[in-house]
Amino acid sequence: MKQFLIPEEGRFYKANLHCHTTFSDGRATPEEIKEIYKSHGYSVVAFTDHNIQVPHPELADPDFLPLTGVEYNINDEGYPGKERDVKTTHLCLIALRDDIRYQVCYTDSYVHHGGARSHIPESMINPDEPDFERRYGAECANAMIKAGRDAGYFVTYNHPSWSQENWSHYMKLEGLSAMEIVNFGCLNEGYDDYNSRVYRDMLCGGKRLFCIAADDNHNKYPVGHPRCDALGGWVMIKAEKLEYNTVGRALEKGNFYSSTGPEIRSLWFEDGKICADFSPAVAVDCITGVKKCFRAGRIGGEPFTHAEFDLKPWFRWIRLRIIDREGNAADTNAYFTEELAF
């Protein structure tokens, strides 16, 4: 009997879950962002401007869903004159329901971009909630993660390489929904933010979380320019319909995969095997939670569209990475063997 790891029912919706506009330090307006992404096959964009949460229900139409979000930064003090050496933790909080009213963890002093404060609807700020005090370190980050999760947000950990953070930092984070396995904007600037090893570290360290690919776009360069930071990393969300709360539930359950190119058409577990159908690929890696991994195909080889791997319960967790001829990859979330029907 097939155990579908990504639901069989529903349809895939292409989504960018990390996006900046002129409401913070992006160069494109929310309306321009909608036009760019919708014209390139996207159905969902989470608007996550820095430190301000602004809903954009006016952008919704039958084929486009704007999700409400915010990106927070918790900065180390660093050294005078050495701002680029400052460590920082960046978290995106994406509202999973359309009735979430207040912006949690709001800090007025962090709304530092020109005119940004004027963009925040007064109804989004809880007058009875004091400013959230930010102090660099795991205690503050974990308090922010918990506040977000408790209030109904999907909370992601962003671009650890750009942030100058390493194992000693991210392994102290607790309760995350997901981490960025790909931050395309940072990759496009030369940072090593294809974070497969970070995801593995967190999983092997006992954390249970999903992985996403996202743009983190600021649109300083137009679409088509070599340094354009849009349209490079996305998630494909499987949901019954393009409706806010339905898509939110799909995110919360992990009914999606991440990609910079390849498509995953079906993913299931059957008779002790993980099986996948996908767009033409030259290699597929089965990555596990122990020192036992597998590869089907080879880089430079002939493309294929199906792979399956024998699994054992003691693998702890498994996930697939699908690589196409251009070197682009699709990454599944991790699936824990104790939840598979062996």
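Guide: Arg 208 is partly exposed, because its relative accessibility is 42% (buried means under 20% relative accessible area, exposed over 50%, partly exposed in between, with a 1.4 Å probe and protein chains only). The model is predicted, so local features need pLDDT of at least 70 and side-chain atom pairs count only at pLDDT 80 or more, while totals for chains, interfaces and linings use all residues. Residues are numbered from 1 along each chain as its sequence is written, and side-chain values use heavy atoms, with hydrogens and water left out.

Arg 208 forms a salt bridge with Glu 339, the closest N and O atoms being 3.1 Å apart (a salt bridge is a side-chain nitrogen of Lys or Arg within 4 Å of a carboxyl oxygen of Asp or Glu). Glu 339 lies in the segment after β18 (335–336) and Arg 208 in the loop between α5 and β8 (210–214), so the pair ties together parts 131 residues apart in sequence. Helices (H or I, at least four residues) and strands (E, at least two) are DSSP runs, numbered from the N terminus.

Within helix α5 (residues 196–204), Arg 197 and Asp 201 lie four residues apart, about one turn of the helix. Their side chains meet in a salt bridge of 3.0 Å, N to O. Arg 197 is exposed at 61%, whereas Asp 201 is buried at 14%.

Asp 61 pairs with Lys 38 in a salt bridge, at 2.7 Å between the closest N and O atoms. A network of salt bridges links Lys 34, Lys 38 and Asp 61. The count by this rule comes to 14 salt bridges.
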